[in-house]
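Trainee: Could we go through this structure together? I would like to learn how the terms are applied.

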Amino acid sequence: MPRYDYDLLTLGAGSGGVAGTRRAGSYGARTAIVEESRIGGTCVLRGCVPKKLLVYGAQFADAFADAAGYGWTVAPQPQFDWPALIAAKNKELDRLEGIYVNMLKNSKVEIIEGRGIVVDPHTVEVGGRHYTAENIMIAVGGHPTVPDIPGIEHVISSNEALDLPTLPRKIVIVGGGYIAVEFAGIFRGFGSEVVEIIRREDLLNGFDDDLRVSLAVEMRNRGIEIRTRTQIVRIEKDPREGYTVVTAHGQEISADLVMYATGRGPNTRGLGLKEVGVEMRGSAVVVDEWQKTSVPSIYAVGDVTDRYNLTPVAIGEGRAIAETLYNNNPIKMDHRDIPTAVFSNPPIGTVGLTEEEARKEYGDDVDIYCSRFRPMKNVLSGRDERTFMKLVVDGKSDRVLGCHMLGPDAPEIIQGLAIAVKCGASKRMFDQTVGIHPSAAEEFVTMREKTIRHPQKEAAE
């Protein structure tokens, strides 16, 4: 008789948990996955997928506006039905959840409904029943976090923003990260008045500075009000309807809704990890290069480790565990040069080092190539929006260290360039690549003039 009920027992049926457990099951491991909510996790049900569907919906506003320049007449005026969009979105999520359930069943993964709590290195309790496993994988993801200020109970997070019954006339969005700028673009695209409030000087902390500044310019041009260096001290419910946010400087901003997108935290509270000896960094699970925790039989992937909170990273980490433990194919997840996108309006795609990161690592011998231009599509439509592209290059080796883009199709273009960066391509290789004309992407292989900067002088100033 087997010593344990399962070879692998996973807590959390999101992208990372499903990917790793399915693969382990396909290699013959006896597997089960514990989920207290719906199968699919944040990305499928409360994040990437529904958000991208709303992004697509909001982009039709541009399409209708641009159509006149190409000879189309949309008369008398396009009409939009927010409840219809939300219903269509929810129908698609139901379909995807069904696909995920079938994928697990086809891989012979048992689905255990309920909240799992780790009670020892090989045991998980669900609804009063104990399940044992040789290995346990923690993949419970994260949740939106908000500050403890008066009136915070009145705000919504990105979770609720995806299921609003009606479209707000005016919304205040607090936060400058990718979730905040994405929802600012979504609501503005549908016609809402949007005020985005950030504590810093620029949006998207951690992204390349030129991208951050360029995005703010385009968002403001689209009518989004961005208030920088602003701190909210309280939120008040208006007597009739709506809310008022009060800043540290005494300013008052009224809106139908207030949304906070100021960060996310791992879902580890009450999970029993610390009690069984798992090392924690705050609420995050500490893992080594093999995704193993301080308890040898317990692994963790994805947002619960609070390192690279991206769906493809969680999937890669889960699959690496399955390969290592159940396919005699030891794999470490490579966290270098991870491409990512921000589905703002316009969108961002980026991979590799920012200019600031490159200069810290390689000194002043870093070459910068930039291009800013009006996309061909905007010529006839009359839209004045600009695309921005940037290459960060090691001046000594000629290796391309980073590629950054703001503009239509940026995520699709950067995904291809990510392969080149991962392979260590040089600027010379970029230059020798024939561009596809006419396209925006060809600009990445035709940039010749270096952007001259003097970091030490600029820092002194």
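Trainee: By class, how many nonpolar, polar and charged residues does the lining of the largest cavity have?

Mentor: The lining of the largest cavity has 4 nonpolar, 4 polar and 1 charged residues. Here Ala, Val, Leu, Ile, Met, Phe, Trp, Tyr, Cys and Pro count as nonpolar, Asp, Glu, Lys and Arg as charged, and the others, Gly among them, as polar. Bear in mind that this is a predicted model, where local features need pLDDT of at least 70, side-chain atom pairs count only at pLDDT 80 or more, and totals for chains, interfaces and linings use all residues. Residues are numbered from 1 along each chain as its sequence is written, and side-chain values use heavy atoms, with hydrogens and water left out.

Trainee: What makes a space a cavity, and what makes it a pocket?

Mentor: Both are sets of points on a 1 Å grid over the protein atoms alone. In a cavity a 1.4 Å probe fits but cannot get out, whereas a pocket is an open set with protein on both sides within 12 Å along at least five of seven lines. Lining residues have an atom within 4 Å of a point.

Trainee: Which residues line the largest cavity?

Mentor: They are V55, A58, Q59, E182, G185, I186, F343, S344 and N345. Helix 3 and helix 6 (178-189) each supply at least two residues of that lining; helices are DSSP runs of H or I with at least four residues, and strands are runs of E with at least two, numbered from the N terminus.

Trainee: What is the volume of the second largest pocket?

Mentor: About 810 Å³, where a volume is the space filled by probe spheres set on the points, and points are joined across faces, edges and corners. Of its 34 lining residues, the closest to its centre are Q59, P347, K377, P408 and D409. Helix 3 gives the largest share of this lining, 8 residues.

Trainee: Why is T293 called buried?

Mentor: Buried means under 20% relative accessible area, exposed over 50%, and partly exposed in between (1.4 Å probe, protein chains only). T293 has 7% relative accessibility, so it counts as buried.

Trainee: Where is T293 found, and which residues does T293 touch?

Mentor: T293 is in the loop between strand 17 (284-285) and strand 18 (298-300). Not counting residues up to four places away in sequence, T293 touches V278, V285, V286, V287, I298, Y299 and A300, with contact meaning heavy atoms within 4.5 Å.
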